[in-house]
Amino acid sequence: MANTNETTSHLQRIVQEHVPGKEISLAHIIANPDEILYTKLGLDPKVDYSRSAIGVLTITPPETAIIIADIAIKSSGVELGFVDRFSGSLIITGTVSEVEASVTAILRYVSEKLGFAVCPVTRT
């Protein structure tokens, strides 16, 4: 019978940790989403889909989602679809120009005032 230490000595244990920094890791705008996306996300179904958009952002530390939600609604006419201070997720809805204005205002504020790293805005 082989020694257990000999048979497992070639195995290596790796511990991975995620250490969140001060960053916005996702800033995405979905222009003219299909109606089913609103339904599946639990967003307001009374929307003019021909001129609508959804903005999705992820931020760490996650509590900062509260701050960016405030910036979003104060910077344009968007509505909050979802904000989670535990995961750092924010979903906003409005016209394409409203969502773009909010996302731009959020990225500018956290970059300039809070010293966060920000990702580029992506669009579909």
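This is a predicted model: local features need pLDDT of at least 70, side-chain atom pairs count only at pLDDT 80 or more; totals for chains, interfaces and linings use all residues.
**Exercise 1. Find which strand pairs with β1 in the parallel sense through residues 122-123, and then trace the other partners of β1.**

Strand β1 and strand β6 (residues 122-123) run parallel and are joined by two bridges, where strands are DSSP runs of E with at least two residues, helices are DSSP runs of H or I with at least four residues, and both are numbered from the N terminus. Two strands are said to pair if DSSP finds at least two bridges between them.

Residues are numbered from 1 along each chain as its sequence is written, and side-chain values use heavy atoms, with hydrogens and water left out.

The next step is β5 (residues 117-118), which pairs with β1 in the parallel sense over two bridges; here Ile 24 has Val 118 as its bridge partner.

**Exercise 2. Decide whether Val 99 is buried or exposed, and list what it touches.**

Begin with its place, which is in helix α4 (residues 96-112). Val 99 counts as buried because its relative accessibility is 0%, given that buried means under 20% relative accessible area, exposed means over 50%, and partly exposed lies in between (1.4 Å probe, protein chains only).

Now look at its contacts, a contact being heavy atoms within 4.5 Å. Not counting residues up to four places away in sequence, Val 99 touches Ile 29, Ala 53, Ile 54, Gly 55, Val 78, Ile 92, Thr 93 and Gly 94. For Ile 29, the C-alpha to C-alpha distance to Val 99 is 7.3 Å, although the two are 70 residues apart in sequence.

**Exercise 3. Work out how the buried residues of helix α3 are arranged.**

First collect them: in α3 (residues 65-75), the buried residues include Ala 65, Ile 68, Ala 69, Ile 71 and Ala 72. Seen down the helix axis, the buried residues of α3 fall within an arc of 165 degrees, so they line one face of the helix; the arc is that of the directions from the helix axis to the C-beta atoms. Finally, the elements that cover these buried residues include β2, β3 (79-84), β4 (89-95) and α4.

**Exercise 4. State how many salt bridges a search of the whole structure finds, and describe each pair.**

The search finds two salt bridges, each defined as a side-chain nitrogen of Lys or Arg within 4 Å of a carboxyl oxygen of Asp or Glu.

One joins the side chains of Asp 70 and Lys 74 at 3.2 Å, N to O. Asp 70 and Lys 74 are separated by about one helical turn, because they are four residues apart in helix α3. Asp 70 is partly exposed at 32% relative accessibility, whereas Lys 74 is exposed, with a relative accessible area of 65%.

The other joins the side chains of Arg 123 and Glu 100 at 3.4 Å, N to O. This pair links distant parts of the chain, since Arg 123 lies in strand β6 and Glu 100 in helix α4, 23 residues apart. Arg 123 counts as partly exposed at 49% relative accessibility, and Glu 100 counts as partly exposed at 28%.
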